[in-house]
Amino acid sequence: MEFSSKLLENAVVEMSQLPGIGKRTALRLVLHLLRQPESQTAHLAKALVNLRTEINFCKNCHNISDTEICEICANPRRDKKLVCVVEDVRDVMAIENTSQFKGLYHVLGGKISPMDGIGPSQLTIESLLNKVKAGEITEIIFALSSTMEGDTTNFYIYKQLENTNVQTSTIARGIGVGDELEYADEITLGRSIVNRVPFENSLKNQ
Ligand SMILES: [Zn+2]
(Lines give C-alpha, C1' and ligand atoms only; values in the text may rest on other atoms or scores of the structure.)
Protein backbone atom coordinates (compact mmCIF):
# COMPACT_ATOMS: atom_id res chain seq x y z
CA MET A 1 0.00 0.00 0.00
CA GLU A 2 1.49 3.32 -1.12
CA PHE A 3 0.71 6.29 1.10
CA SER A 4 0.80 9.94 0.12
CA SER A 5 1.57 10.89 3.72
CA LYS A 6 3.81 9.45 6.40
CA LEU A 7 1.31 10.58 9.08
CA LEU A 8 -1.46 8.69 7.31
CA GLU A 9 0.75 5.61 6.95
CA ASN A 10 1.71 5.64 10.65
CA ALA A 11 -1.92 5.84 11.76
CA VAL A 12 -2.92 3.02 9.40
CA VAL A 13 -0.02 0.80 10.49
CA GLU A 14 -0.87 1.28 14.19
CA MET A 15 -4.58 0.69 13.62
CA SER A 16 -3.89 -2.47 11.60
CA GLN A 17 -2.06 -4.01 14.58
CA LEU A 18 -5.49 -4.65 16.12
CA PRO A 19 -6.97 -8.13 15.66
CA GLY A 20 -9.32 -8.45 12.71
CA ILE A 21 -8.26 -5.11 11.26
CA GLY A 22 -6.43 -5.36 7.95
CA LYS A 23 -4.72 -2.45 6.22
CA ARG A 24 -7.80 -1.60 4.14
CA THR A 25 -10.11 -1.48 7.15
CA ALA A 26 -7.49 0.52 9.05
CA LEU A 27 -7.36 3.05 6.20
CA ARG A 28 -11.15 3.33 6.19
CA LEU A 29 -11.22 3.96 9.97
CA VAL A 30 -8.43 6.50 9.80
CA LEU A 31 -10.12 8.41 6.96
CA HIS A 32 -13.38 8.28 8.94
CA LEU A 33 -11.63 9.90 11.92
CA LEU A 34 -10.20 12.59 9.64
CA ARG A 35 -13.71 13.49 8.51
CA GLN A 36 -15.00 13.77 12.10
CA PRO A 37 -14.38 16.72 14.43
CA GLU A 38 -10.88 16.67 15.92
CA SER A 39 -12.36 16.29 19.41
CA GLN A 40 -13.62 12.80 18.59
CA THR A 41 -10.10 11.55 17.89
CA ALA A 42 -8.91 13.26 21.06
CA HIS A 43 -11.58 11.47 23.11
CA LEU A 44 -10.70 8.13 21.53
CA ALA A 45 -6.98 8.61 22.17
CA LYS A 46 -7.60 9.73 25.75
CA ALA A 47 -9.89 6.78 26.49
CA LEU A 48 -7.26 4.33 25.23
CA VAL A 49 -4.39 5.94 27.13
CA ASN A 50 -6.45 6.13 30.34
CA LEU A 51 -7.44 2.50 29.90
CA ARG A 52 -3.80 1.48 29.93
CA THR A 53 -2.53 3.82 32.65
CA GLU A 54 -5.41 3.60 35.11
CA ILE A 55 -6.69 0.07 34.66
CA ASN A 56 -7.10 -1.96 37.83
CA PHE A 57 -7.80 -5.58 38.45
CA CYS A 58 -9.96 -6.63 41.38
CA LYS A 59 -7.73 -8.07 44.12
CA ASN A 60 -10.22 -10.83 44.79
CA CYS A 61 -11.57 -12.01 41.42
CA HIS A 62 -9.06 -10.38 38.98
CA ASN A 63 -11.80 -8.84 36.89
CA ILE A 64 -11.15 -5.42 35.36
CA SER A 65 -12.31 -2.87 37.89
CA ASP A 66 -11.96 0.83 38.68
CA THR A 67 -11.62 0.01 42.35
CA GLU A 68 -9.38 -2.30 44.39
CA ILE A 69 -12.28 -4.68 45.02
CA CYS A 70 -14.83 -4.79 42.20
CA GLU A 71 -18.52 -4.01 42.66
CA ILE A 72 -19.51 -7.67 42.41
CA CYS A 73 -17.05 -8.85 45.09
CA ALA A 74 -17.97 -5.89 47.30
CA ASN A 75 -21.72 -6.58 47.08
CA PRO A 76 -22.88 -8.10 50.41
CA ARG A 77 -25.85 -9.75 48.68
CA ARG A 78 -23.62 -11.98 46.54
CA ASP A 79 -22.89 -15.53 47.74
CA LYS A 80 -19.14 -15.54 48.36
CA LYS A 81 -18.99 -19.33 48.72
CA LEU A 82 -20.11 -19.91 45.14
CA VAL A 83 -17.46 -19.05 42.56
CA CYS A 84 -17.79 -19.16 38.79
CA VAL A 85 -14.49 -19.62 36.96
CA VAL A 86 -14.30 -17.75 33.66
CA GLU A 87 -11.67 -16.76 31.15
CA ASP A 88 -12.06 -13.00 30.98
CA VAL A 89 -14.23 -9.94 31.56
CA ARG A 90 -16.42 -10.72 28.54
CA ASP A 91 -17.64 -13.89 30.24
CA VAL A 92 -18.42 -11.99 33.44
CA MET A 93 -20.46 -9.51 31.41
CA ALA A 94 -22.29 -12.28 29.55
CA ILE A 95 -23.19 -14.15 32.75
CA GLU A 96 -24.16 -10.95 34.59
CA ASN A 97 -26.55 -10.17 31.72
CA THR A 98 -28.46 -13.37 32.49
CA SER A 99 -29.23 -12.20 36.10
CA GLN A 100 -29.17 -15.89 37.03
CA PHE A 101 -25.94 -16.02 39.01
CA LYS A 102 -25.62 -14.61 42.50
CA GLY A 103 -22.15 -15.86 43.42
CA LEU A 104 -18.74 -14.36 42.69
CA TYR A 105 -16.40 -14.86 39.75
CA HIS A 106 -12.80 -15.84 39.38
CA VAL A 107 -11.24 -14.47 36.19
CA LEU A 108 -8.38 -16.67 35.00
CA GLY A 109 -7.06 -14.24 32.41
CA GLY A 110 -6.89 -16.92 29.71
CA LYS A 111 -6.85 -20.67 29.22
CA ILE A 112 -4.04 -23.20 29.46
CA SER A 113 -2.69 -23.43 25.92
CA PRO A 114 0.70 -25.06 25.40
CA MET A 115 0.51 -24.10 21.70
CA ASP A 116 0.49 -20.43 22.69
CA GLY A 117 2.97 -20.95 25.52
CA ILE A 118 0.36 -20.33 28.21
CA GLY A 119 0.81 -22.53 31.26
CA PRO A 120 -1.05 -22.61 34.59
CA SER A 121 1.40 -20.18 36.20
CA GLN A 122 0.48 -17.40 33.75
CA LEU A 123 -3.15 -17.60 34.86
CA THR A 124 -4.67 -16.74 38.26
CA ILE A 125 -5.10 -20.40 39.23
CA GLU A 126 -2.92 -20.15 42.32
CA SER A 127 -5.00 -17.30 43.66
CA LEU A 128 -8.11 -19.46 43.20
CA LEU A 129 -6.49 -22.38 45.04
CA ASN A 130 -5.47 -20.03 47.85
CA LYS A 131 -9.10 -18.98 48.29
CA VAL A 132 -10.07 -22.65 48.41
CA LYS A 133 -7.38 -23.37 51.02
CA ALA A 134 -8.63 -20.46 53.09
CA GLY A 135 -12.02 -22.20 53.16
CA GLU A 136 -13.78 -19.34 51.42
CA ILE A 137 -15.41 -21.46 48.71
CA THR A 138 -17.84 -24.39 48.78
CA GLU A 139 -18.63 -24.71 45.08
CA ILE A 140 -16.72 -23.88 41.93
CA ILE A 141 -18.58 -23.68 38.63
CA PHE A 142 -16.45 -24.07 35.52
CA ALA A 143 -17.75 -21.77 32.80
CA LEU A 144 -14.95 -21.80 30.24
CA SER A 145 -15.78 -22.27 26.58
CA SER A 146 -15.85 -25.94 25.60
CA THR A 147 -12.76 -25.84 23.45
CA MET A 148 -9.78 -28.12 23.96
CA GLU A 149 -8.00 -25.36 25.92
CA GLY A 150 -11.11 -24.78 28.04
CA ASP A 151 -11.42 -28.48 28.83
CA THR A 152 -7.71 -28.76 29.65
CA THR A 153 -7.95 -25.81 32.02
CA ASN A 154 -11.07 -27.16 33.74
CA PHE A 155 -9.43 -30.53 34.22
CA TYR A 156 -6.19 -29.05 35.54
CA ILE A 157 -8.06 -27.05 38.20
CA TYR A 158 -10.31 -30.01 38.98
CA LYS A 159 -7.23 -32.17 39.66
CA GLN A 160 -5.79 -29.50 41.96
CA LEU A 161 -9.00 -29.57 43.98
CA GLU A 162 -9.09 -33.34 44.44
CA ASN A 163 -8.22 -33.40 48.12
CA THR A 164 -10.46 -30.55 49.10
CA ASN A 165 -14.12 -30.43 50.09
CA VAL A 166 -15.01 -28.08 47.28
CA GLN A 167 -17.82 -29.20 44.98
CA THR A 168 -17.14 -28.72 41.29
CA SER A 169 -19.74 -28.30 38.59
CA THR A 170 -19.80 -27.25 34.99
CA ILE A 171 -22.40 -25.20 33.18
CA ALA A 172 -24.89 -27.35 31.29
CA ARG A 173 -24.17 -26.94 27.63
CA GLY A 174 -26.89 -25.53 25.50
CA ILE A 175 -23.78 -24.07 23.99
CA GLY A 176 -22.06 -25.87 21.12
CA VAL A 177 -18.45 -26.97 21.28
CA GLY A 178 -16.09 -24.14 20.44
CA ASP A 179 -18.67 -21.39 20.91
CA GLU A 180 -17.45 -18.63 23.11
CA LEU A 181 -19.62 -17.87 26.12
CA GLU A 182 -20.16 -14.29 25.07
CA TYR A 183 -22.04 -15.38 21.96
CA ALA A 184 -24.51 -17.56 23.81
CA ASP A 185 -27.90 -15.94 24.15
CA GLU A 186 -28.88 -14.83 27.64
CA ILE A 187 -31.67 -17.33 28.20
CA THR A 188 -29.54 -20.31 27.13
CA LEU A 189 -26.59 -19.17 29.20
CA GLY A 190 -28.77 -18.37 32.22
CA ARG A 191 -30.40 -21.79 32.04
CA SER A 192 -27.05 -23.53 31.68
CA ILE A 193 -25.87 -21.99 34.97
CA VAL A 194 -29.04 -22.90 36.85
CA ASN A 195 -28.93 -26.45 35.42
CA ARG A 196 -25.22 -26.95 36.01
CA VAL A 197 -24.01 -30.52 36.41
CA PRO A 198 -21.33 -32.06 38.64
CA PHE A 199 -18.00 -31.79 36.86
CA GLU A 200 -17.44 -35.57 37.14
CA ASN A 201 -20.50 -36.18 34.96
CA SER A 202 -19.07 -34.06 32.18
CA LEU A 203 -15.92 -36.22 32.21
CA LYS A 204 -17.94 -39.42 31.67
CA ASN A 205 -19.50 -37.93 28.55
CA GLN A 206 -16.18 -37.44 26.85
ZN1 LIG B 1 -13.95 -8.83 42.14
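A residue is called buried if 20 or more other C-beta atoms lie within 10 Å of its own, exposed if 12 or fewer, and partly exposed in between, with C-beta atoms placed from the backbone. This is a predicted model, in which local features need pLDDT of at least 70 and side-chain atom pairs count only at pLDDT 80 or more, while totals for chains, interfaces and linings use all residues. Residues are numbered from 1 along each chain as its sequence is written.

**Whole chain**

Start with the whole protein on screen. Its C-alpha trace spans about 65 × 40 × 35 Å along the principal axes. Colour by secondary structure to show 9 helices and 7 strands; these are DSSP runs numbered from the N terminus, helices being H or I with at least four residues and strands E with at least two. Of the 206 residues, 26% are buried. Two residues are in contact if their C-beta atoms, placed from the backbone, lie within 7 Å. Among contacts with a separation of 6 or more, 55% join residues 24 or more positions apart.

**Two domains**

Select residues 6-54 as domain 1, then 60-204 as domain 2. These bounds come from an automatic or database domain assignment. The C-alpha centres of the two domains are 34 Å apart.

**Residues 58-73**

Next select 58-73, where UniProt, in an unreviewed entry, places the feature "zinc finger region: C4-type". UniProt positions are given in the numbering used here, feature names are shortened, and annotations may be inferred rather than shown by experiment. This stretch is 19% helix and 12% strand, and its end C-alpha atoms are 8 Å apart.

Within these numbers, pick His62, in the loop between strand E1 (56-57) and strand E2 (64-65). Most residues other than glycine have a negative phi. His62 is not a glycine, yet its phi is positive, about 70 degrees. His62 is buried, with 20 other C-beta atoms within 10 Å.

**The sheet**

Now show the open sheet of 5 strands, ordered E4-E3-E5-E6-E7 with mixed pairing. Strands pair if DSSP finds at least two bridges between them. At the edges are E4 (103-107) and E7 (197-198), each pairing on one side only. Zoom in on E6 (residues 167-170), which pairs with E7 in the antiparallel sense over 2 bridges. Here Ser169 stands opposite Pro198 in E7.

**The core**

A nonpolar core is a set of buried Ala, Val, Leu, Ile, Met, Phe, Trp, Tyr and Cys residues joined through C-beta atoms within 7 Å. The largest one has 28 residues; select Cys84, Val85, Val86, Tyr105 and Ala143, which touch the most other members. Two or more residues each come from strand E3 (79-86), helix H5 (89-98), E4, helix H6 (125-133) and strand E5 (139-142). E3 gives the largest share, 4 residues.

Select Ser99, in the loop between H5 and E4. Ser99 has a positive phi of about 55 degrees although it is not a glycine. Is Ser99 buried or exposed? Ser99 is exposed, with 9 other C-beta atoms within 10 Å.

Finish at Gly190, in helix H8 (residues 186-194). Gly190 is partly exposed, with 19 other C-beta atoms within 10 Å. Which residues is Gly190 in contact with, leaving aside its neighbours within four places in sequence? They are Thr98 and Gln100.
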